[in-house]
Amino acid sequence: MDDIPASTILPASIPRVELASLPTPLEFLPRLTAHLGGPEIYMKRDDISPLALGGNKTRKLEFLLGEALAQHADTVITVGSYQSNHCRQTAAAAARLGLRCVLVLGGEGRRSRSGNYLLDVLLGAEIIDSGEEDRDTVYRRVIAQERDSGRCVYPIPYGGASPVGEIGFVHAMAELAHQMHEQDIHADAILLPTASGGTQAGLLVGSKFLNLETKIIGVSIEKERQKMIAGMLQLAHDTADLLGLDLDIHESDFLVHDEYKGKGYGIIQELELECLQLLARKEGILVDPVYTGRAFAGMVDLIRRGFFQAGEKLIFWHTGGLPALFVYEDALLPALVSGSSRLQMKSNS
Ligand SMILES: *Cc1c(COP(=O)(O)O)cnc(C)c1O
């Protein structure tokens, strides 16, 4: 594999603000690898990027807020669940750049005011609770109201999933390709959690551009496979168009496992509880119950089912999400203390 500098993908005309202190580390996980006795497992550590407890949205925000500043926006508005990592990272990035941040929160997931919600408030975001109303309806209304009142608004869609945001992950794929080259790791597959699909779509565009053979496998957090793929195909085409790249991108490029979504967004399952502990106790690395824990558990299960062979190399893309861990104390702690991997299902909603 030839080494191609990331800058070759990125037209200089696309504005960007530096928020993520890249590259994030690519690490080997020896004790986990030995324990599972299958493929070699590596981890891409976007969870430790430096902005207010890190995560994958920071890469998207480098380009989204680059565009916001270029448009002289004074207010950023975005939308998500109470425990949205995307909203927390947007609040932090806005604070750092001196922009006002309005968050429309509601919908699925736990409504705890701990975790990401607490951090949103700490970071100075103005929070609008969508209550019983449809969250996206409220989001659109807030954008219109802010514009009517004379604000220069930069709206950011759910999960930061827009072609501009995806450039962050096109670039991330080039970053990883460079690290694989440097560290002589020729990974067979990358596994990651996928929700809005932006991260996976961006990585796919990057890997097409670079002609990489590494498979990119998303573990769906809540949506059906076919729905995920349709959304990502569109995003990938739009992102390639924005970058002026002429790439052959097909439905079959998107590999998605949707069998780990269980009872839905943020409803923790026993496999996740087991794998959260496994990673913590073998490697001292934390994953959250909503995104990375679910995807990591999916990867462990696929390994156990013989989906990957000994000698293959896998990279788990750690997308962050740790503040949400604390919101699940009631479901996690009794099982952790008693040493069983049984959840307290009653409190688990
Ligand atoms: C948002 C998020 C994801 C999913 O990324 P998408 O680009 O929306 O698919 C995965 N993990 C964490 C921790 C997230 O916050």
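This short talk walks through a few parts of the structure shown above, which is a predicted model.

Let me begin with strand β7, which covers residues 189–194 and is mostly covered, since 6 of its 6 residues are buried. Which of its residues point one way, and which the other? Ala189, Leu191 and Pro193 point to one side of β7, while Ile190, Leu192 and Thr194 point to the other, and all of them are buried.

If you follow the chain from β7 through helix α7, residues 198–210, to β8, you trace a right-handed β-α-β unit.

Helix α7 brings us to its contact with helix α6, residues 163–183: the two axes come within 7 Å and cross at roughly 50°, and α6 and α7 are therefore oblique to each other. The crossing in which α6 passes α7 is right-handed. Among the residues making the contact are Phe169, Met173 and Ala177 on the α6 side, and Gly202, Leu203 and Gly206 on the α7 side.

Let me turn to another sheet, an open one in which 4 strands lie in the order β5-β4-β3-β6 with parallel pairing. Its edge strands are β5 (126–129) and β6 (153–155), each of which pairs on one side only, and the twist from one strand to the next averages 20°. Within this sheet, strand β4, residues 100–105, pairs with β5 in the parallel sense over 4 bridges, and Val102 stands opposite Glu126 in β5. Helix α3, residues 85–97, packs on the sheet, where it touches β3 (75–80) and β4, and its direction makes about 170° with that of β3.

Is Thr58 buried or exposed? Its relative accessibility is 0%, so Thr58 counts as buried. Leaving aside residues up to four places away in sequence, Thr58 touches Leu19, Ala20, Ser49, Leu51 and Gln89.

Notes. Residues are numbered from 1 along each chain as its sequence is written. This is a predicted model: local features need pLDDT of at least 70, side-chain atom pairs count only at pLDDT 80 or more; totals for chains, interfaces and linings use all residues. Side-chain values use heavy atoms; hydrogens and water are left out. Buried means under 20% relative accessible area, exposed over 50%, partly exposed in between (1.4 Å probe, protein chains only). Helices (H or I, at least four residues) and strands (E, at least two) are DSSP runs, numbered from the N terminus. A crossover is right-handed if, with the strands pointing away from the viewer, the path from the first strand over the helix to the second runs clockwise. Axes are lines fitted to C-alpha atoms, for helices over the stretch in contact, and angles run from 0 to 180 degrees between N-to-C directions. Angles under 35 degrees count as roughly parallel, over 145 as roughly antiparallel, 65 to 115 as roughly perpendicular and the rest as oblique. A crossing is left-handed if the near helix is turned anticlockwise from the far one by less than a right angle, and right-handed if clockwise. Contact means heavy atoms within 4.5 Å. Two strands pair if DSSP finds at least two bridges between them.
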